[in-house]
Amino acid sequence: MSSILTSMRQRWLRRIRVPHPCAGTIRLHPRRVYIFPTYAGLFYTLTIFAMFLVSINYNLALGHALVFLLFSLGLVGMLHTCRNLLGLEIDALENMPLHAGETAHFCLRVRNTRARPRPGLEWSGGSHPEPQVMHLAPEADTILRIAVVTKHRGWLALPILKVSSRYPLGILLTWAYVWPDARCLVYPHPRFTPLPDAVESDGGEGVASGRDGHDDFAGLRERQPADSLRHVAWRIAARETNNARPLLVKCFSGGATRQLWLDWRMTEGYAELRVSTLTGWVLMAEEEGLEYGLRLPGLEIPLDRGTSHRHVCLQALALFREMA
Amino acid sequence: MTASTPYAQVLRHASLPWLLAVVFVTAAPHALHQPVWLVTAAAGVLAAVLWQWRRGYKVTQPWLKILLVSGGLVGILLHYRPLIDYEAGIALLILMLALKLLELKSRRDAVIVVTLAHFLLLTHFFYSQSIVTAAWLVLGLLVVIAALVRLYEDPERPGVALLVHASRLLVQAMPFMVLLYLFFPRINGPLWGLPQEKLIARTGLTDSINPGSIAELAMNDEIAFRVQFHNQVPLPRQLYWRGPVMGFYDGMAWRGGYSVNIPPELERRGNPIIYTLTLEPHNQNWILAMEMTPRPPEVEDGMRMRINNAGVLTSFQPITSRKRFTFASYPDYRLDAQASTTMRRTNLQLPRGLNPRASALAKGWLGETRDPRQLANRAVAWFRQGGFRYTLEPQVLGQHAVDDFLFETRGGFCEHYASAFVWLMRAAGVPARIVAGYHGGEFNAGYFVVRQSDAHAWAEIWVENEGWLRVDPTAAVPPEMTDESVRNLAAATQSDDWLIALRNRWEAIGNHWNQWVLGYNPAQQYDFLSALGLRKPTWRSLSAVLIMSMTLCLLLLVAWVFRPGRETDPARRIWRQACRRLEKYGIVCPPWESPHALSRRLETEAPHVAPAVRRLATLVCAARYGNGNPPANAVLRAALKSV
């Protein structure tokens, strides 16, 4: 029994054109909302039919009325089920980059512009095996997070999502495919190996003095999340009895900033391993407060530091394709 | 199993009380019909689950479930020995529904409970299809739908909102139900086997008459049948509704006599009275037509009927559901003017050795006259002048029942009088017999109601060339001789006029319900559609009408359901109106532009409207985002006008 219904549903699905990712706000219009009876609906229909036979046999006038009422209820329920999805608006939001192997959380804004609630929306898609249930209040929006486990570096596109609803009677399932054109940059998986000590200078000026050089202490500032723990002024932090104040980090300045060129040629192994190594180095160099640059075959990112520079480097690594 | 139920399908705690309510609402009225042990067990399970729900619901241990199921099954098996009874089916359904509450794990279990509850709702119609039952079941259906909605709804939503939504669904479904009810091609039941007869063991006339058998009915207010006259209303003295005719007397009871199932020799005079009779089921075969009906239609309302030579109309099968017949009766008639010798002889038989004084009395009259009519008058005069009383509480009669009545107790109900009269007539050599039926009726809102209390027995004597003449000896009793018990009964029913009026009103509504809702059968459907102008409606044309009207209705509903929603925030609504106004003047107001941004832009693009727009923009923003006192809507509207 179940296989019949499943195969029917699949045959039905094959007739539906394969959707493609849509940019901008997606509004569910009737052409992309589908409806099909559920097993509960099948059970409901069989029960109504049995009730109909009983009504005929025992000549129950009100039995007929009840059967007709239940049938009509199914019909009305069909409209209400469809309406639960129709007109729903979905926007993709910006996503933070992350490293391969971590779980990406795509953020979508789901908006109900109607003056009625939309209960029981089930979202499936992404890496989570179970659908997420959402109850949207009237004229409200909610952020939907779709978790996708990342495996490879590069751009990760949001997989196709299915939003479905059985509300209100559960005898019909309505669903729509939602495929917002959202993507998320996946940095390579970092491989932490010691930073190269000696770095070849490029042009002779400002040779990095190596890891054990000391710069001038320039002062203290509040710690940002990206600051290395090594530079935290732990003594000052220890003096603080209450933890209300943020940690302070030591700032260094002076002409002798350490510079480091991270070069593709300095790494060994197969390409992905090399990319991973470089990624690890970029992260460590940024954490150590070095000025670093990146050299990849066919690409060079000049010396710099800071979060945006790190992002440029990591993005280059994420999207790097070795020429054959 | 629990572990593998996906989170979305786990039954929420909030759903449980609704499922309990569903089982309660659908099963409770069955407590009147089901065995006590089952009702107690089901109530116990409900109470236990309710208690559990408050303390944290857990699925019951398997051994306990098995015990309860097998116990219940054995109980049903023992109680309903032949299991073909549908009451056994109802019992089984209730048992399963109650026990399913013990193992609610996922949404699927809840769906099973709710769907079975739908079926249980239907079973109430086996017992009653009155307005009250229908109203209760609509309420029950409301709870059932609300429980179903609860399964898919936000658990935070209050129960009242669910009921409101359920009633919204119900109201929207109603027009479709009406269309289906009217136009769905009806099929005449039964499909398999007749309904059980024990269902409709109702009170009414029996096929024998003994002292007290009709007096029993005098207290019974139930409606026997209703009549609607189409061309003229007969006189009260013509309102005799003919039931079984009895010609055989064993000294105690009258039973059916000699009759042949051929139409009577009936000479009709005058115009017929045409009427529709709606007969309540009485589980007997009599169709209580008014005297006197010639040959009836062979089949009406699905019943095959026949008439015997005593003029008694009967159906082939017992009347187990409400039936409607339309007849033409001739109150002025001559029945069996040339009765056969057998007919005459059988209606002269008397048991030997009984009632010697009565026989002697009748024979004494023969000296005065031999004319049957005069003899009958003599007998009636005897009743009138003999100090006879009309009472519901007659004394017990001995072996010579007629003698005791005529000479000792002198008090009785109609069957005593009819019985004594027939005895006297037969003893005097006049063929006579007893007719049981109903007499009279009560006019109520366009139709006559005949109740069980109108049951009556009268007599017929046969006169050469005149046929059978009706004689109602009870009518001879002077009204002042009516016994206190009868007057009390009458007084009891007359005391509260407004109560009577209320009852009559209610029964009139009930009659309309019966006629138009419950009585809507294939024949009526045919008539209705013909009246609509559908010539010779077939199932094809019916389906066409049905589909077209349903589609139309559906389109209307779609338009209603998907109507554009109103803006709920008044400030935003006013702002949108302002934008629409501005667009009429050719100013583009894109939806993403904030009120202030628009007003700033207008300062360069359309300086003449800019101040008004700026004022409105400030007010709208204050209403929507400001803290403190938002401006009143009237102020906003005034600002809108200036735009």
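Helices (H or I, at least four residues) and strands (E, at least two) are DSSP runs here, numbered from the N terminus. Residue numbers start from 1 along each chain as its sequence is written, while chains are lettered from A and ligands numbered from 1 in the order in which they are written. This is a predicted model, in which local features need pLDDT of at least 70 and side-chain atom pairs count only at pLDDT 80 or more, though totals for chains, interfaces and linings use all residues.

Let's start with the sheets of chain A. Strands of a sheet pair through backbone hydrogen bonds, either parallel or antiparallel. Two strands count as paired if DSSP finds at least two bridges between them. Three strands of chain A make an open sheet in the order β15-β16-β17, with mixed pairing. At its edges stand β15 (259-263) and β17 (299-304) of chain A, each with a single partner strand, so one side of each has no neighbour in the sheet. On average, neighbouring strands of this sheet are turned by 10° against each other, direction ignored. That figure uses axes, which are lines fitted to C-alpha atoms (for helices, over the stretch in contact), and angles run from 0 to 180 degrees between N-to-C directions. β15(A) and strand β16 (residues 291-296) of chain A run parallel and are joined by five bridges, and A:Q259 sits opposite A:E291 in β16(A).

Helices pack on this sheet too. Helix α5 (residues 271-288) of chain A touches β15 and β16 of chain A, and its direction makes about 165° with that of β15(A). Helix α6 (residues 307-318) of chain A lies across β16 and β17 of chain A, at about 160° to β17(A). Contact here and below is a matter of C-beta atoms, placed from the backbone, lying within 7 Å.

Chain A also has an antiparallel open sheet of four strands, in the order β1-β3-β5-β8. Its edge strands are β1 (26-27) and β8 (141-149) of chain A, each pairing on one side only. Strand β5 (residues 103-111) of chain A pairs with β8(A) over nine bridges in the antiparallel sense, and A:T103 stands opposite A:V149 in β8(A).

Now for where the chains meet. The contact takes 47 residues from chain A and 46 residues from chain B. On the side of chain A that touches chain B, the elements giving two or more residues are α2 (39-57), α3, β6 (118-124) and β7 (132-136) of chain A, and α3(A) gives the most, with 18 residues. By type, this side of chain A divides into 30 nonpolar, eleven polar and six charged residues; nonpolar covers Ala, Val, Leu, Ile, Met, Phe, Trp, Tyr, Cys and Pro, charged covers Asp, Glu, Lys and Arg, and the others, Gly among them, are polar.

What about the cores? A residue is buried if 20 or more other C-beta atoms lie within 10 Å of its own, exposed if 12 or fewer, and partly exposed in between, with C-beta atoms placed from the backbone. A nonpolar core is a set of buried Ala, Val, Leu, Ile, Met, Phe, Trp, Tyr and Cys residues joined through C-beta atoms within 7 Å. The largest such core has 122 residues, and B:L19, B:V22, B:V113 and B:A117 have the most contacts inside it. Helix α3 (residues 61-85) of chain A gives the most to this core, with 14 residues. Setting aside neighbours within four places in sequence, B:V22 is in contact with B:V113, B:V114, B:A117, B:V143, B:V144 and B:A147. A second, separate core of 84 residues includes B:V245, B:V312, B:C414 and B:A432.

Chain B has 20 helices and 18 strands, and 35% of its 643 residues count as buried. In helix α11 (residues 401-409) of chain B, the buried residues include B:A401, B:V402, B:F405 and B:L406. Their cover includes α9, β13 (411-412) and α12 (414-427) of chain B.

Most residues other than glycine have a negative phi, and most peptide bonds are trans. B:N355 has a positive phi of about 45° and is buried, with 26 other C-beta atoms within 10 Å. B:N465 also has a positive phi, near 70°, but is exposed, with 7 other C-beta atoms within 10 Å. A cis peptide bond runs from A:Y167 to A:P168, and another joins B:E291 and B:M292, with omega about 5°.

Technical notes:
Two residues are in contact if their C-beta atoms, placed from the backbone, lie within 7 Å.
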